[in-house]
Amino acid sequence: CSSANYHLDTFCCLQNALFGMGNPLLDICAVVDKDFLDKYGLKPNDQILAEEKHKEMFEEIVKKFKVEYHAGGATQNSVKVAQWMIQEPHKVATFFGCIGKDKFGKILKEKAEEAHVDAHYYEQSEEPTGTCAACITGDNRSLVANLAAANCYKKEKHLDLEENWKLVEKAEVYYIAGFFLTVSLESILKVAKHASENNKIFCLNLSAPFICEFFKEALMKVMPYVDILFGNETEAAAFAQERGFETEDIEEIAKKAQSLPKENKKRQRIVVFTQGKEGTVMTKGDKVETFPVLEINQSEIVDTTGAGDAFVGGFLSQLVQDKTFEQCIRAGHYSANVIIRHAGCTFPEKPDFH
């Protein structure tokens, strides 16, 4: 076949090959001070869901600090970065989630379009579009998510619709952040089972210590379908503690997570744990390998908010193109390195990755 034809085939195969489902949020990013964190009982480096006591915080952050708005939500960030890494064809990534019929929802739709992601939002008017306050101090970030509309995603109102399910079937790689476990376990299970039964790749992220602690039942219902498990060092430790692994050694935790029961026996589970500026740990067969991250000067780091999401996005961009896992990690490190030089989960026009 001529190269032109080959090019066309690749384009057609890749469209909608990556499927993500999660909480679409508008990030409200600001550099704040310690007093602000203390006032609302926030840890410098954490992710939590907003409670009653945080209601005023969303108003105060806008009044008191210089804020930037970015389209966010963990899964949406990751598929956006994957699309950016691939560049063409457009719409390699499909995204499902729930938004409100409001100004913030409109912004999210525009941002998804700009990023060439094929976003199909379930739109409802009971709840406003979700937001996430990213409170930045130094190179730490404390995230407080007010899910609002994102929490209203309904399997029977969106995922089960024929035209939407067709997009799920079209995909080869699936990625869902653990945060979505708090919203729609039945949607996750439907997608995860589809992947498992068709020998496709289903990826899940631990996402936050609170997911491992307070949503462990839901997490363990999905785990048998997980082909690739992502997490960072804090989440790995929380997961190990909840599972009674009796070890704090990240390589041991990765091995034990790898050997948890699995439905699709054709694929051995792969566990990937990032550790900030320390190396990334990945299980491979019965070994665990550590891959050093790219060096960066402290002075060049603008905002680490999207680093984890960007790592996954880079990883997925190669996975969906059938590259080696080593190449996936290299791409993950590259995109995370780019994203932390920018505010929010934003990036330059084109990647420079080979």
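Author: Among contacts in the protein between residues at least 6 apart in sequence, 74% join residues at least 24 apart, where contact means heavy atoms within 4.5 Å. Please keep in mind that this is a predicted model, in which local features need pLDDT of at least 70 and side-chain atom pairs count only at pLDDT 80 or more, while totals for chains, interfaces and linings use all residues. Residues are numbered from 1 along each chain as its sequence is written, and side-chain values use heavy atoms, with hydrogens and water left out.

Reader: OK, and how many helices and strands are there in the protein?

Author: The protein has 14 helices and 14 strands, taken as DSSP runs (helices are H or I with at least four residues, strands are E with at least two) and numbered from the N terminus.

Reader: What is the radius of gyration, and what would a compact globule have?

Author: The protein has 19 Å, which agrees with the value near 20 Å that a compact globule of 354 residues would have; the radius is taken over C-alpha atoms, and the globule rule is 2.2 Å times the number of residues to the power 0.38. Along the principal axes, the C-alpha trace spans about 60 × 45 × 40 Å.

Reader: And what share of the residues is buried?

Author: Of the 354 residues, 56% count as buried, meaning under 20% relative accessible area, with exposed being over 50% and partly exposed in between, for a 1.4 Å probe and protein chains only.

Reader: Switching to strands: how many residues of β12 are buried?

Author: In strand β12 (residues 270-275), 6 of the 6 residues are buried, so the strand is largely enclosed by the rest of the structure. Ile270, Val272 and Thr274 point one way from β12, whereas Val271, Phe273 and Gln275 point the other way.

Reader: Which strands does β12 pair with, and in what sense?

Author: Strand β11 (residues 228-232) runs parallel to β12 and is joined to it by 5 bridges, while β12 and strand β13 (residues 278-284) pair in the antiparallel sense over 3 bridges; two strands pair if DSSP finds at least two bridges between them. Phe273 of β12 stands opposite Gly231, and in β13 the bridge partner of Phe273 is Val281. The hairpin of β12 and β13 has 2 residues between the strands, and Gly276 takes a positive phi near 60° there.

Reader: Which residues other than glycine have a positive phi?

Author: His116 has one of about 60°, and Asp322 has one of about 65°. Most residues other than glycine have a negative phi, and most peptide bonds are trans.

Reader: Where do those two sit, and are they buried or exposed?

Author: His116 lies in the loop between α5 (103-114) and β6 (118-124) and counts as partly exposed at 33% relative accessibility. Asp322 lies in the loop between α13 (307-319) and α14 (325-339) and is exposed, with a relative accessible area of 71%.

Reader: Which peptide bond is cis?

Author: The bond from Glu88 to Pro89 is cis, with omega near 0°, and Pro89 is found in the loop between α4 (74-86) and β5 (93-100).

Reader: Last one, about Glu60: buried or exposed?

Author: Glu60, which is found in helix α3 (residues 55-64), is buried, with a relative accessible area of 16%. Leaving aside neighbours within four places in sequence, Glu60 is in contact with Phe36, Lys39, Tyr40 and Phe65.
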